[in-house]
Amino acid sequence: MAAPPIHRSPVRRFVHSRVGGLPREFWVLFSGTAVNKLGAMAQPFMGIYLTQSRGVSVAMTGFILMLWGCGSLLSQPVAGFLADRIGRRATLTGGMVATAATMIFLGYAHDLTAIAAGMFVLGMVVDTYRPASQAMLADLVSPEDRPRAYGLLFWAINLGFSVAMVAGGRLASGGFLLLFWIDAAGCLIFGFLVWRLIPETRPPAAERLPGGYRDVLRDRTMVAFVLMNLAYTCTYLQAFQTLAIAMTQRGLPPEAFGTAIALNGALIIIVQPITTAWLTRFSPSLVLASGFAVVGAGFALQAFATTTLQYALAVAVWTCGEILTAGMPLAITSALAPPHLRGRYNGLYGLSWSIGAAVTPVLGTRLLEVGHEALWLTTGALGLVAAIGQLLLAPAIRNRTSTQQS
């Protein structure tokens, strides 16, 4: 006898379409990610901590932050390898414990050499969780629900980061040590939740096939996809590398940047949960390409902005594009990756962000020396290039997805 249909009110149907049907382990991952980002108060203020609390010169601060970036470049490939070799749970938990220990070390370090070494290690371990978390989600969630699940994780990260920025700024006025302890606590809670409540999701040894990064790099579709994402990161990350500098060069006060960028977080927190389920009805590649194009258009509009309101409107445009991209790159990466190489595929995807973070400051400042129009029109064009490339890749990605699901 068939079970009677479940009748839900319109509100319950709406909520279920956004958050329903996902496994319990996903919500552990979601909660741990949110707690980790809520506690991430030390990371955004590292430059201020080094110059004000430790008396490091601006030039030396730039060098130390570069060491952080060098560690980050190694982080994603190594973490992807570990997620496939020793397991998702062990890699994520180990990375969180190592991050917590490094945060505490940096909170008490005074010697410049020790601080530099600690920052390099922090770059290595702080994002180790990402390939493991992304591979774990792909192991736990069905392909049709992955865009929605990755979108929810994206929302949790932005919500946590937005709160951490405000709270961290206020707490920093009383000293930075507390920020390091809060950051460490958030990492440990995340690692503890995953270790205790999520079993290892890596395929059993009997089902694992041999393979390594050589196999990932032979995947032309994946490599091309990562290159398109790299072009996008060189656009998007300008918001956090050169936008503040450009706005002050227009004669605007520092508060203008805070006002404009706050709109980014607010729109994501409010709009993204409403749109994610609807966007999953469409091809991830087409949605992602649209997002790349809208982000590029928003950055191009900044070439003509001179007031806080105009910059805020441009930020609103590219934030709409960012919302379109939420979760889609990771859903595509999951679709392309065989189960036994999901960690490495996510590691390669993460490497595009690490390279973008290293390249963006140099690219942005050099272009800004030429002029505002050169900076924003060039980066806007990069977003368009990423969109066109993603459209060209869409048939290959669709074929791979349909083959794996058949």
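**Helices, residues and domains**

Trainee: Is the crossing in which helix 15 passes helix 16 left-handed or right-handed?
Mentor: Start with the word helix: a DSSP run of H or I with at least four residues, numbered from the N terminus. A crossing is left-handed if the near helix is turned anticlockwise from the far one by less than a right angle, and right-handed if clockwise. Where helix 15 passes helix 16, the crossing is left-handed.

Trainee: What kind of model is this?
Mentor: Residues are numbered from 1 along each chain as its sequence is written, and side-chain values use heavy atoms, with hydrogens and water left out. Local features need pLDDT of at least 70, side-chain atom pairs count only at pLDDT 80 or more, and totals for chains, interfaces and linings use all residues, as the model is predicted.

Trainee: How do helix 15 and helix 16 run, roughly parallel or roughly antiparallel?
Mentor: Helix 15 covers residues 284–301 and helix 16 covers residues 308–325; their axes come within 7 Å and cross at roughly 165°. Those axes are lines fitted to C-alpha atoms, for helices over the stretch in contact, with angles from 0 to 180 degrees between N-to-C directions. Under 35 degrees counts as roughly parallel, over 145 as roughly antiparallel, 65 to 115 as roughly perpendicular and the rest as oblique. So helix 15 against helix 16 is roughly antiparallel.

Trainee: How many nonpolar, polar and charged residues are in the contact of helix 15 with helix 16?
Mentor: Contact means heavy atoms within 4.5 Å, and residues including Val-287, Leu-288 and Phe-292 of helix 15 and Val-317, Trp-318 and Glu-322 of helix 16 make this one. Ala, Val, Leu, Ile, Met, Phe, Trp, Tyr, Cys and Pro count as nonpolar, Asp, Glu, Lys and Arg as charged, and the others, Gly among them, as polar. The tally for helix 15 with helix 16 is 12 nonpolar, 5 polar and 1 charged.

Trainee: Over to helix 2 and helix 9: at what angle do they pack?
Mentor: Helix 2 spans residues 24–38 and helix 9 spans residues 177–197, with their axes 8 Å apart. Among the residues that meet are Val-28 and Leu-29 in helix 2 and Phe-190 and Leu-193 in helix 9. By class, that contact has 9 nonpolar, 4 polar and 2 charged residues. The packing angle of helix 2 and helix 9 is about 170°.

Trainee: Is Val-28 buried or exposed?
Mentor: Val-28 sits in helix 2. Leaving aside neighbours within four places in sequence, Val-28 is in contact with Leu-193, Val-194, Leu-197 and Ile-198. Buried means under 20% relative accessible area, exposed over 50%, and partly exposed in between, using a 1.4 Å probe and protein chains only. Val-28 has a relative accessible area of 9%, so it's buried.

Trainee: How do helix 2 and helix 7 cross, and is that crossing left-handed or right-handed?
Mentor: Helix 7 is residues 129–140, and its axis comes within 10 Å of the axis of helix 2, crossing at roughly 160°. Glu-25, Phe-26, Leu-29, Asn-36 and Lys-37 in helix 2 meet residues of helix 7, including Tyr-129 and Leu-140. The crossing of helix 2 and helix 7 is left-handed.

Trainee: Which residues does Leu-153 touch?
Mentor: Leu-153 is in helix 8, residues 146–172. At 7% relative accessibility, Leu-153 counts as buried. Not counting residues up to four places away in sequence, Leu-153 touches Phe-26, Leu-29, Phe-30, Thr-33, Ser-133 and Leu-137.

Trainee: And Leu-392: what is its relative accessibility?
Mentor: Leu-392 is found in helix 19, which covers residues 372–405 and also holds His-372. His-372 counts as buried at 10% relative accessibility, and its contacts include Gln-249, Arg-250 and Tyr-311. Leu-392 counts as exposed, with a relative accessibility of 68%.

Trainee: Last one: how far apart do the C-alpha centres of domain 1 and domain 2 lie?
Mentor: The chain is divided into domain 1 (23–201) and domain 2 (211–400), with domain bounds from an automatic or database domain assignment. Their contact takes 27 residues from domain 1 and 29 residues from domain 2. The distance between the C-alpha centres of domain 1 and domain 2 is 21 Å.

Conventions. Helix = DSSP H or I, 4+ residues; strand = E, 2+ residues; numbered from the N terminus.
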